[in-house]
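The following note sets out points for a colleague who is examining this model.

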Amino acid sequence: TVPTGNPYGNIDAVSAGVGTVAMRGWAIDPDVASPLRIDFYVDGKGATSVTADATRPDLAAAFPSYGANHGFTASLAMAGGTHQVCAYAINVGPGGSTKLGCRSVVMPTGSAKGNLDQVTRTDTALTVRGWALDPDIATPIRVDFYVDGKGAASSTADLARSDIGAAFPAYGPDHGFSVSIPVAAGPHQVCAYAINVGPGAANTKLGCQTA
């Protein structure tokens with residue numbers, strides 16, 4: 001009598017970060033001692049696949065005929081909001097694939113945020129400094145600048161700001177900007193807008209200053 005049947009396993013842990021969800025678990029198919037494929041679905045749509053081949057001594061102890069290499073970890077990119085993530089162990093031989101389970105995860109989301117900290121000028125340019133980030137992602141976002149109501153420049157808010165890293169540790173420090181914008185003589189008003197990523201307003205006005 002040769003062992004057979006559907007795969008079995010478990011989702012052991014799910015943790016949500018900024019823009020990513022990590023899942024950890026294990027799966028075994030009674031028909032084979034080799035690792036299985038695990039498919040992941042987010043909100044009913046295929047997201048990624050991994051091989052359950054990570055070493056798990058607890059599995060070797062519980063299922064000595066199959067060995068230790070049946071653990072899996074997966075990192076799934078995910079937008080802000082609430083999502084359902086499901087994992088399936090893909091069957092080998094007789095039987096069918098097995099749903100290992102589903103989890104509901106709530107990802108950070110919202111409109112971009114930040115501040116126009118300072119505007120200084122020389123005879124020919126304005127230097128604009130501040131910071132911006134979007135709750136949906138940890139990576140830097142775009143900031144657009146308008147002078148006297150007209151589009152003047154765009155930049156990526158990717159400069160290191162230790163104060164921002166301390167205030168928003170999940171996002172890191174790289175969200176500052178410092179931009180030089182050429183201008184004619186005389187006072188000018190400059191406004192900065194953080195460009196939103198994912199759910200939320202199209203952009204966020206960080207402030208205006210005249211210099």
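Predicted model: local features only at pLDDT ≥ 70, side-chain atom pairs only at ≥ 80, totals over all residues.

1. Overall dimensions. The protein chain has a radius of gyration of 25 Å, whereas a compact globule of 211 residues would have a value near 17 Å. Taken along the principal axes, the C-alpha atoms fill a box of roughly 90 × 30 × 20 Å.

2. Composition and surface. Two helices and 16 strands make up the secondary structure of the protein chain. Of its 211 residues, 40% count as buried. The chain exposes about 10,100 Å², and carbon and sulfur atoms supply 53% of that area. Among contacts between residues at least 6 apart in sequence, 59% join residues at least 24 apart.

3. The sheet E4-E3-E7-E8. Four strands in this order form an open sheet with antiparallel pairing. Strand E4 (45-51) and strand E8 (98-107) stand at the edges; each has a single partner strand, so one side of each is left without a neighbour in the sheet. From one strand to the next, the twist averages 20 degrees. Strands of a sheet pair through backbone hydrogen bonds, in either the parallel or the antiparallel sense.

4. The E9-E10 hairpin. Strand E9 (residues 113-121) runs antiparallel to E10, and eight bridges join the two. A hairpin of three residues connects E9 to E10. Two bridge positions may be inspected directly: Arg121 has Leu126 in E10 as its partner, and Thr120 stands opposite Thr127 in E10. In a regular strand the side chains alternate between the two faces of the sheet.

5. Aromatic pairs: Tyr8 and Trp26. The count of aromatic pairs comes to eight. In one of them, the rings of Tyr8 and Trp26 have their centres 6.1 Å apart and their planes at 80 degrees, so the pair is edge-to-face. Because Tyr8 lies in strand E1 (residues 8-16) and Trp26 in strand E2 (residues 20-28), the pair ties together parts that are 18 residues apart in sequence. Tyr8 is partly exposed, with a relative accessible area of 28%, whereas Trp26 is buried at 13%. Ring pairs also bring in Phe63, which forms a cluster with Tyr8 and Trp26.

6. Aromatic pairs: Trp131 and Phe168. How are the rings of Trp131 and Phe168 arranged? Their centres are 5.6 Å apart and their planes lie at 40 degrees, so the pair is tilted. This pair links distant parts of the chain, 37 residues apart: Trp131 is in strand E10 (residues 125-133), and Phe168 is in the loop between helix H2 (162-167) and strand E14 (174-182). Trp131 counts as buried because its relative accessibility of 13% is under the 20% cut-off. Phe168, with a relative accessible area of 22%, is partly exposed.

7. Positive phi at Asp43. Most residues other than glycine have a negative phi. Asp43 is not a glycine, yet has a positive phi of about 55 degrees. The residue is found in the loop between strand E3 (37-42) and E4. With a relative accessible area of 43%, Asp43 is partly exposed.

8. Positive phi at Asp148. Where is Asp148 found? Asp148 is in the loop between strand E11 (142-147) and strand E12 (150-156). Its phi is positive, at about 55 degrees, although Asp148 is not a glycine. At 43% relative accessibility, Asp148 counts as partly exposed.

Methods
Residues numbered from 1 in each chain as written. Heavy atoms only, no water. Pairing = 2+ DSSP bridges. Axes fitted to C-alpha atoms, helices over the stretch in contact; angles between N-to-C directions. Phe/Tyr/Trp six-rings, centres within 6.5 Å; stacked < 30°, edge-to-face > 60°. Buried < 20%, exposed > 50% of the residue type's maximum accessible area, 1.4 Å probe, protein only. Rg over C-alpha atoms; globule rule 2.2 N^0.38 Å. Contact = heavy atoms within 4.5 Å. Areas by Shrake-Rupley, 256 points an atom, 1.4 Å probe, with all protein chains shown as cover.
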